[in-house]
Amino acid sequence: MTAPKLDIDRLFGGRKVPSWLRGFAENPVVALDDLFLGRAELGLLAPSEPRNVLARWLTVFAGQREFVAFVDHALADWVNHFWGYSRDDGSAPVIARAWCQVGELIGLADGLGNSANALCTRFLDDAGYLDALVEGRPRDPVGATWFALARHQESLDLRSHWLRLCGLPPEEPWYRGRYGVVGLRFMPSGGAFPEHVGHGLIRLAEGLQRRANEGWLRADRAKAEWLVAARGAMAGAPSPKRWRAFWHEADHIAETQVSKWIKVLEPAGAGAARSRQWDIRRAPDWGPRSKQIAQALGRDVDSALESARILLREQALYADYSGDAFNVTRSACSFASRVAAARPQLALDWAHLARKYDPWDPYSWTILANVLIAQGELGKATSVLWETTRRFPNNGVAWNTLAAVLSSGGRQSEAVDVAGEAVRRFPDNENIWTTLVSAMSEAGQHREAVEAAKRATRRFPDHVGSWSVLTKALGNANLRLEAVQAAIQATRMFPQDVVAWCVRAKAHRDAAQMDEAVSAAVQATQLPTADKLVAWVTLSGLRAQMGELDEAIEAALQATQVSPRSVPAWELLASVLTQAHRIDEADAVKKILMKLQRKIQGPKEAPGIQTPPEKAQRTRERASPATDTDAVVSEDGAKLAGDTDAVISEDGAKQARESEEEAMNEVVARPVTDRSHLDTLLADGPMLRAWARRLHGASLRGHPGEVRDQARRRIAPLLAVAEASSQAAGQGGVVLAMVDREGLGEALDLLRHARRRFPGSTWVAYALAWAERERLGRMPAEARYEGLEAVRQAWLDVARLDGRLDPLCALGYARAVALVEGHDEVLREALGTTAWRLHDARAHAAGDDASFLRWWSELTLTALLPDPRVVAKAEDLPADLSELRARIVAAECAGDLDVAEQDYLGRYAAA
């Protein structure tokens with residue numbers, strides 16, 4: 001669009017034009033930059049806030065479209081030019097104040113639609129830029145931007161954002177909930193009573209009460225904040241009787257404390273007449289309908305597809321209207337899991353729909369990973385799973401699936417590390433033990449795999465999977481007779497289990513006991529169970545391997561009869577027919593197989609309901625890699641069903657590794673403004689930190705230079721975008737400091753610059769505190785006490801950004817004090833404070849935080865203290881702290897505590 005011209009002299013009609021306004025007319029972007037950064041020479045025009053300069057002249061020339069259009073265009077140019085811009089002076093507070101001024105000016109003035117659209121486009125694509133500049137409520141450019149977008153919205157496109165803000169998700173500070181209400185208030189409503197604003201207020205009340213219950217906000221402050229928002233909304237839509245009727249109905253939905261807040265708004269003695277029933281309501285049959293449709297989708301997608309779309313449309317409409325997204329999220333996840341194998345694209349669409357409505361439901365993230373696995377997109381699935389473990393560190397399904405995918409993708413050492421970490425976090429999950437054993441076997445660690453499998457059978461003696469995985473581990477270690485004995489023991493303990501008998505058949509086969517193998521497979525086919533597919537496939541493979549092709553064909557035919565939609569069964573039948581030189585019959589079977597595959601794949605589907613196409617998916621809350629039927633294959637490589645150890649084929653693993661490398665190279669080559677590639681890099685952050693921790697431990701003993709160079713090459717893409725992303729700067733700085741000892745000075749320089757650029761970023765503040773503590777540990781022993789103060793200040797800076805990080809900061813500082821010898825009292829005080837904060841956090845946690853904080857504090861205390869059960873304050877510590885100090889600074893303990901710190905930060909860090 002051509003920039004408008006401004007005849008400033010004509011507007012002033014011959015009167016003297018202020019010098020700044022003349023400069024603004026000649027070079028508007030430069031003049032605006034000087035104004036917002038406080039560099040403009042304003043003379044008598046100087047106001048308390050720079051935005052008031054333009055606001056005042058917009059009022060004076062309100063009737064002059066030429067002036068308003070010029071200001072609008074100039075502001076849009078300024079936003080587009082300086083978004084994400086790194087200034088040489090590095091004065092982040094000044095930059096933050098400038099963006100606050102811009103947001104407030106656009107929000108307060110009329111006629112600035114172009115600048116509002118420019119701000120909206122930039123902000124929704126990369127909100128992290130402004131989020132890293134936030135320094136609390138007084139200087140919150142993100143809040144000012146939401147205000148500007150609320151005042152200039154002309155459609156309902158931002159409704160989901162306003163409802164999300166009202167609900168106060170974990171990444172948003174409590175004071176931003178009010179912007180959600182403002183956004184709903186200014187949404188086009190056609191003059192009808194704004195019931196959507198009332199529902200937003202209910203969500204805000206529940207969110208504020210949740211923060212108060214968790215201890216992050218005083219109860220009186222929460223109540224006062226909500227009453228201000230509610231009174232403003234009611235004043236904007238003055239209809240007292242209608243509001244009273246709405247609160248009367250809402251009172252039955254809201255929680256007890258929220259009900260008391262609502263009563264404050266009603267005048268004494270006011271009647272509470274019931275209003276008309278809402279046009280959009282939660283249907284009581286949604287739950288049963290969802291279950292019936294999910295079951296029908298599992299049998300035949302086409303027969304239930306229209307019913308699924310109708311239900312999702314109803315539930316999405318209700319979610320948009322009321323803000324309650326539970327039903328649409330649950331249904332979309334359930335449907336996606338049922339069609340993941342048959343229609344992966346449809347599953348992807350439905351899962352993205354679920355994640356759109358509730359991005360903090362781990363179910364939608366794990367289904368997304370499983371659908372990507374089904375599509376062979378292993379690199380993308382790995383990135384999704386890393387992000388899932390960061391967002392939901394206490395979700396065992398995510399850790400288990402990640403370990404299995406890494407192993408299947410040829411990254412066995414990483415798979416073993418992840419599975420080992422998962423076992424440490426979830427020792428009572430038998431599926432995770434199974435994944436660990438499989439990963440160790442794939443990595444060639446056969447002795448360790450056998451030992452882990454034996455521990456699993458002792459821990460879960462009544463779980464058939466633990467015996468199956470022991471059998472396989474023994475077989476992989478060439479202990480074939482022991483594997484047979486383990487398999488025999490499994491069938492004695494679980495005589496009706498098909499999997500146990502099939503595993504026994506494989507063990508006999510590997511031990512060259514073919515008659516016993518066939519006998520076990522026959523026994524599996526005769527069990528009183530409906531699911532005999534694996535049994536018949538196993539028997540067919542054994543018969544083919546022994547050259548008994550007629551019997552193999554008969555068993556394969558039985559497999560196709562018990563499961564007529566099983567592609568592996570029909571593939572096996574075609575294979576054994578070909579082996580028997582029955583070519584015509586094999587060709588006929590192949591035609592049936594092609595029809596079956598086309599029917600299963602189906603046509604390309606549109607998203608499940610008419611919404612903007614966002615992709616997503618979500619798998620059942622169970623670890624698919626944990627089930628092992630270990631199906632037998634014939635000599636010519638006939639594929640058998642049921643071997644879920646392999647998530648993808650060998651070719652798929654190779655392609656996945658290649659695609660991942662291409663993706664990493666593509667990120668480096670693309671501009672930083674491409675947010676999707678930046679998100680890909682950030683999702684790999686936990687993986688890079690885990691790699692760096694291993695190298696960091698190895699550096700104490702020395703490691704080859706080529707390994708260090710490879711590590712630095714891997715983190716180069718992350719460091720390349722550090723100027724545009726606070727998370728990239730923080731995560732890249734930590735990794736750089738870990739990778740090699742020479743990189744610490746470089747990391748400190750990077751992080752100190754990032755701290756000035758992103759003063760509100762908890763990731764950057766943490767990374768700098770971590771690096772300062774690492775620098776302290778490398779100082780001469782006699783100089784460490786003097787250097788401790790800088791480290792203490794660095795951890796205090798982290799705590800100032802977010803009070804929820806107090807336990808993390810106490811831990812970080814205590815670990816620094818442990819590096820300073822000869823000052824036991826300082827260490828005693830620091831450890832006592834840490835123990836108290838950890839115990840206090842666990843005792844007062846509520847809601848979703850409760851399970852995380854219980855797990856995290858127990859893990860941390862166990863690694864940090866000799867007996868965490870009796871150490872709750874400084875007086876409980878032993879008199880001699882030398883042994884405890886040595887324990888804390890040991891490499892193994894330091895690695896565990898690094899993981900704990902970064903898990904905690906990943907849970908609560910906003911940017």
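These legends walk through a predicted model, one close-up at a time. Residues are numbered from 1 along each chain as its sequence is written, and side-chain values use heavy atoms, with hydrogens and water left out. Local features need pLDDT of at least 70 and side-chain atom pairs count only at pLDDT 80 or more, while totals for chains, interfaces and linings use all residues.

View 1. Helices (H or I, at least four residues) and strands (E, at least two) are DSSP runs, numbered from the N terminus. Of the 911 residues, 56% are buried, meaning under 20% relative accessible area; exposed means over 50%, and partly exposed is in between (1.4 Å probe, protein chains only). Take the contacts (heavy atoms within 4.5 Å) between residues at least 6 apart in sequence: 68% of them join residues at least 24 apart.

**View 2. Here is the largest nonpolar core, with 92 residues.** A nonpolar core is a set of buried Ala, Val, Leu, Ile, Met, Phe, Trp, Tyr and Cys residues joined through side-chain atoms within 4.5 Å. Trp20, Phe24, Trp99, Leu201, Trp226 and Trp247 touch the most other members. Helix α5 (residues 65-82) gives the largest share of this core, 10 residues. Zoom in on Leu201 and you'll find Val181, Trp226, Ala229, Ala230, Ala233, Trp243 and Trp247 touching it, leaving aside residues up to four places away in sequence.

**View 3. A second, separate core holds 80 residues.** Look for Leu312, Trp386, Leu406 and Ala449, which are among its members.

**View 4. Helix α28 covers residues 498-510.** From first C-alpha to last, this 13-residue helix reaches 19 Å, close to the 18 Å expected at 1.5 Å a residue (that is, 1.5 Å times one less than the number of residues). Since 11 of its 13 residues are buried, α28 is largely enclosed by the rest of the structure. Trp501, Cys502 and His508 are among the buried ones, and the buried residues pack against α26 (464-476), α27 (480-493), α29 (514-525) and α30 (533-545). At the start of α28, a side-chain oxygen of Asp497 comes to within 2.9 Å of the backbone nitrogen of Val499.

View 5. Most residues other than glycine have a negative phi. His581 sits in the loop between α32 (567-579) and α33 (583-601).

Technical notes:
A polar contact is a pair of N or O atoms within 3.5 Å; within protein, one must be able to donate a hydrogen and the other to accept it, and residues adjacent in sequence count only if both atoms are side-chain atoms.
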